[in-house]
Amino acid sequence: MKKYILAIDQGTTSSRAILFDHNGRYTYSAQREVKCIFPHEGWVEEDPIELWVSVVDVVNEVLIKANATWDDVDSIGLTNQRETSIVWDKKTGKPIYNAVVWQSRQSTDICESLECKKEFLHERTGLLINPYFSASKIRWILDNVEGAQERAEKGELLFGTVDTWLIYKMTKGKVHATDSTNASRTLLYNIFDLKWDPELCKIFNIPMSMLPEVKYSVDDYGAASFFTKEVHIYGVAGDQQASLFGHTCFKPGDSKNTYGTGCFMLMNIGEKPILSSKGLLTTIAWSSKLGIKYALEGSVFVGGSAVQWLRDGLKIVKDAPDSESVAGKCDDTDGVYLVPAFVGLGTPYWDDEVRGAVFGITRATTKYQLVRATLEGIAYQVKDVFDVMKEESNIDIESLQVDGGATANNILMQFQSDICRIEIKKPQVVETTALGVAYFAGLKSGYFKNIEEIVATHDYQAQYKPQMDEAKAIQKCKGWAIAVSAARAFKNNK
Ligand code: ADP
């Protein structure tokens, strides 16, 4: 048996390569920052060539670090920032424009003009009409690069999310493919029929010849012949879905939340998609020849970035870890609530206009209560997502698996457990995104026998159980609901 699976994780701010061993353990890694370009207010772009070069660099570096050769690598798993869209010339392989990043708002007008198709799009894709997803980004590129629509109609241009672009580069242009999790984020893929949808493509006026072949997440994407030896790419998935698998959330109800800059919660809902009426997205969790799994997804816009605000804006904590010691100087917020709606509120409110607010301040309030209230504000938002997930799926959540930078904060994790009344579990390997696609690749190649073998090697570094008195937790959550309503009411009074 070969020594390693190579996982490539191409994210918004960096590219990483990680070698995992047979126990799913993280052995060596390499990382490169990638630059975001901001051509206008609200636009976020990246250079596709830089993304590719950064991947080549980290792959080479990790092999050097591990003193390994390609003979030691069983197969490759690839995970990526989702929705980010690239269009390139089929003949030359050259991008015709920068990668338009998921966060970018440059296609807002396109989405607004399609507001009337909102329900139709939701019924077929499980998504909302929003610049976040790929379709309006492709439309924007075709509208703004001279002659692009015509070239696309002649079959001269190809579209891809970042996975597709990197597969294309790794296979020297031989393979133009994506996996179903990435396809399910484009607004062009029918998540029920599991096909690119001609009617959706028509709405956005996107020629179907541009679209990649959709494969399973566990599938053969061809040999990465770019590197010195041919190694097959056997696993591909968007980052959040890869993380769900990396957390071994294999059963319906199994859920994970990532506490990064923002928070992303995904719940495995099994083999049938459920459409949400409360702002959750329905998405493909993963696919293999054994079948498809679906997930519900909810997002919190401001998670760990609220802690950055404490550090850089208010300057009341030295660094992110300091938020735990400062909050620890008091036992309670003493009735203070902080709604960190700095850029609006995500699931289930989807309110772009509401802004942050603090309630319940008295003469006795100190920075300790404010910092604690900020951490609690992150946890309450996560609970709001958690509650609609339970309600809309009608599935009970037994425990919540967590990852991301802010999980280092024990006060936050304990409070999350207290208000959700469930166990919070933080795995030993926190690189769950990369691990998820390493598992996919290894399952395809036989490096991992089956999911039972994976579960057996999965363990936890920390677990949190509810400690707060339940009546108090309920009371505090009621206060949060009032604080959110009050913050939302205030926006009309600007
Ligand atoms: P991303 O992938 O979105 O860049 P990360 O998973 O790297 O995010 O997490 C970074 C975020 O976690 C930052 O917003 C930071 O403020 C927050 N963070 C890191 N350590 C702590 C901590 N000990 N307590 C609270 N927040 C933290």
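## A buried charged pair and the basis of the model

D9 and R16 are both buried, where buried means under 20% relative accessible area, exposed means over 50%, and partly exposed lies in between (1.4 Å probe, protein chains only). D9 and R16 form a salt bridge, with their closest N and O atoms 3.5 Å apart. A salt bridge here is a side-chain nitrogen of Lys or Arg within 4 Å of a carboxyl oxygen of Asp or Glu.

The model is predicted: local features need pLDDT of at least 70, side-chain atom pairs count only at pLDDT 80 or more, and totals for chains, interfaces and linings use all residues. Residues are numbered from 1 along each chain as its sequence is written, and side-chain values use heavy atoms, with hydrogens and water left out.

## Other salt bridges

Side chains of opposite charge can pair when their charged atoms come close. Across the whole structure, a search finds 29 salt bridges. One of them joins R82 to E83, with the closest N and O atoms 4.0 Å apart; R82 and E83 are both buried. A network of salt bridges links R82, E83, R185, D239 and E297.

A further salt bridge pairs E271 with K293, and here the closest N and O atoms are 2.7 Å apart. This pair connects distant parts of the chain, 22 residues apart: E271 belongs to the loop between β15 (263-270) and β16 (281-288), while K293 belongs to strand β17 (residues 291-300). Helices (H or I, at least four residues) and strands (E, at least two) are DSSP runs, numbered from the N terminus. E271 is exposed, its relative accessible area being 57%.

## Helices α9 and α14

Helix α9 (residues 239-246) packs against helix α14 (residues 432-445) at an angle of about 75°, and their axes are 6 Å apart. Axes are lines fitted to C-alpha atoms, for helices over the stretch in contact, and angles run from 0 to 180 degrees between N-to-C directions. α9 and α14 are therefore roughly perpendicular to each other. Angles under 35 degrees count as roughly parallel, over 145 as roughly antiparallel, 65 to 115 as roughly perpendicular, and the rest as oblique.

On the α9 side, the contact is made by D239, A242, S243, F245 and G246; α14 contributes T432, T433, L435, G436, V437, Y439, F440 and L443. Contact means heavy atoms within 4.5 Å. By class, seven nonpolar, five polar and one charged residues form the contact of α9 with α14. In this classification Ala, Val, Leu, Ile, Met, Phe, Trp, Tyr, Cys and Pro are nonpolar, Asp, Glu, Lys and Arg are charged, and the others, Gly among them, are polar.

## Helix α12 and its partners

The buried residues of helix α10 (residues 305-312) are S305, A306, V307 and L310, and they pack against α11 (322-327) and α12 (367-393). The axes of α10 and α12 come within 9 Å and cross at roughly 160°, and the two helices are therefore roughly antiparallel to each other. In this contact, A306, V307, W309 and L310 of α10 meet V371, T374, L375 and I378 of α12; by class there are seven nonpolar, one polar and no charged residues. T374 is buried, with a relative accessible area of 0%. Apart from neighbours within four places in sequence, T374 is in contact with A306, W309, L310 and L338.

The axes of α12 and helix α13 (residues 410-420) also come within 9 Å, crossing at roughly 45°, which makes α12 oblique to α13. R372, L375, E376, I378, A379, Y380, V382, K383 and F386 in α12 meet I411, L412, F415, Q416, I419 and C420 in α13. The contact of α12 with α13 has eleven nonpolar, one polar and three charged residues.

## Backbone features in loops

Most residues other than glycine have a negative phi, and most peptide bonds are trans. A cis peptide bond joins T347 and P348, with omega about -5°; P348 is placed in the loop between β18 (337-339) and β19 (357-359).

N205, which is not a glycine, has a positive phi of about 55°. N205 is found in the loop between α8 (198-203) and β12 (213-215) and counts as partly exposed at 42% relative accessibility. D334 likewise has a positive phi, near 50°. The loop between α11 and β18 holds D334, and D334 is exposed, with a relative accessible area of 54%.
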